[in-house]
Amino acid sequence: MKKFAIMVLALTMGATAMAQATVEGSKALDNISITLKGGMTSPLQGYRFWPNARGVFGVELRKQLTPVFGLGVEGEWTVNTSSWDKPGSVWAAHSPNWLDHQYVGAFGTVNLMNVFGGYKGAPKAFEIEALMGAGWWHGFKHAALWVPDENSWYTRVGLNFNYNFGSAKQFTLSFKPGIVWDMNGDANNIDRKLSHSNHSRFNANHAAADLQFGLTYHFKNSNGTHHFKLVDRGVSQAEYDALNERVNQLRGALEELGNESGRLLAKARGDLDAANGTIARLQSELDECRNAGPKTVTVDNSKESLETNVFFAQGKSNVTAAQMPNVERVATFLKNHKDATVSIRGYASPEGSAEINERLARQRAEAVKSLLVNKYKINANRIDAQGLGVGDMFSEPDWNRVAICYILAETK
């Protein structure tokens, strides 16, 4: 990845230098444009595009930094003309509002035609731009249905196929296909609070495909045109030859980057599939353990021992919502039996270094104790929490990411 980042930086710097070396300097309010856009959007997975497409419209305000690179901000809204409420759908309940979602964010563009073909002093009749952006996503729901509004963040990638026209190339008509990801989507769960409680990621089940058209007006610049103007100076053949050589070097670097990115993407997909399989298996095993309930073990004739487990994700020490019933079970028993005490023993699975596992084991025991004291108001003197490093109680290594609670109470 370090090599990949260095190559991208070199390509960017080279293309920027090439563009800036041939154009006049511009003022802060030069090369500003506004775009009105509209079209259709539909979930990328689980729905057929055309029958489930919704209307979408928006506006963009852009500053072209060089003939190659541009930065802008956008606002976009979807019109509720179809239902995306299949059972288990991440898009949740069908909203009665005529506006369903809105996006507000920033984006950057790269003019690929000017990267590879150079800028000749005026926009080409036909150009292709690559686009990448991110911002705030908001879904309007219906309070009467007890469905709260949703807030998330999104990323966007796409292409702009531009046709420049007008006497001074002041207008651009664009075809704008793209993909928008809801980055906080983490599980197919109607309760968005749970599905947004973990890490952000790119997930095709949480993405929408856009097909839009846009009309752009480029405001007039201080140089009297609607675009960048070339510097009027003599250039030697040697300078042209050196520039062409640099362009060819950058093209080779770009091809190498494309090959490297393909290999990295294939590896990432394989790792993601393996991780999803592990998550599904662990969730099933945890459900079985959780449904089994606490175990009762007779320690001696005067004491009764209850045992329950709180499981953790790999490398984590926070108690998830799925494990809270096990902690609450311990708290309820301690409240009902004032003479009872609990010993909490934290463990880690064998992955990672011994130092990390010792710390994780201790933090997991302390996390359960902290909940009992702070959330359920159990006296800390009744709780003994210790970390015991790597555990070997279970044959499945993953199960040993656990804090085991042993409750001792006087028998009657």
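Select Lys377 to begin: at 66% relative accessibility this residue counts as exposed, where exposed denotes over 50% relative accessible area, buried under 20%, and partly exposed the range in between (1.4 Å probe, protein chains only). Lys377 has a positive phi of about 60° although it is not a glycine. Its place is the loop between helix H7 (354-374) and strand S12 (383-390); helices (H or I, at least four residues) and strands (E, at least two) are DSSP runs, numbered from the N terminus.

The model is predicted, so that local features need pLDDT of at least 70 and side-chain atom pairs count only at pLDDT 80 or more, while totals for chains, interfaces and linings use all residues. Residues are numbered from 1 along each chain as its sequence is written, and side-chain values use heavy atoms, with hydrogens and water left out.

With a relative accessible area of 24%, Lys169 is partly exposed.

From there, select Asn162 in strand S6 (residues 150-165). Asn162 is buried, its relative accessible area being 5%. Display its side chain together with that of Ser174: the two make a polar contact of 2.6 Å (a pair of N or O atoms within 3.5 Å; within protein, one must be able to donate a hydrogen and the other to accept it, and residues adjacent in sequence count only if both atoms are side-chain atoms). Beyond its neighbours within four places in sequence, Asn162 is in contact (heavy atoms within 4.5 Å) with residues including Phe126, Glu129, Thr172 and Ser174.

Now colour strand S1 (residues 32-43), which pairs with strand S2 (residues 54-64) in the antiparallel sense over 10 bridges; pairing requires that DSSP find at least two bridges between the strands. Met40 has Gly55 in S2 as its bridge partner. S1 also pairs with strand S8 (residues 207-218), again antiparallel, over 11 bridges. In S8, Leu215 is the bridge partner of Leu36.

Ile34, Leu36, Val59, Leu61, Val73, Tyr217 and Phe219 make a nonpolar patch of about 560 Å². S1 and S2 are the elements that give two or more residues to this patch. Patches consist of residues with over 30% relative accessible area and no salt bridge, with like charges joined within 9 Å and nonpolar side chains (Val, Leu, Ile, Met, Phe, Trp, Tyr) within 5 Å; accessible areas come from the Shrake-Rupley method with a 1.4 Å probe, and for residues only the protein chains shown count as cover.

The last stops are salt bridges, each a side-chain nitrogen of Lys or Arg within 4 Å of a carboxyl oxygen of Asp or Glu. The count comes to 16. Select Arg281 and Glu396, whose closest N and O atoms are 3.6 Å apart. Arg281 lies in helix H5 (residues 237-292) and Glu396 in the loop between S12 and strand S13 (402-410), so this pair ties together parts 115 residues apart in sequence.

Continue to Asp384 and Arg345, which meet in a salt bridge at 3.0 Å, N to O. Asp384 belongs to S12 and Arg345 to strand S11 (residues 341-348), so parts 39 residues apart in sequence are tied together. Asp384 is partly exposed at 31%, whereas Arg345 counts as buried at 16%.
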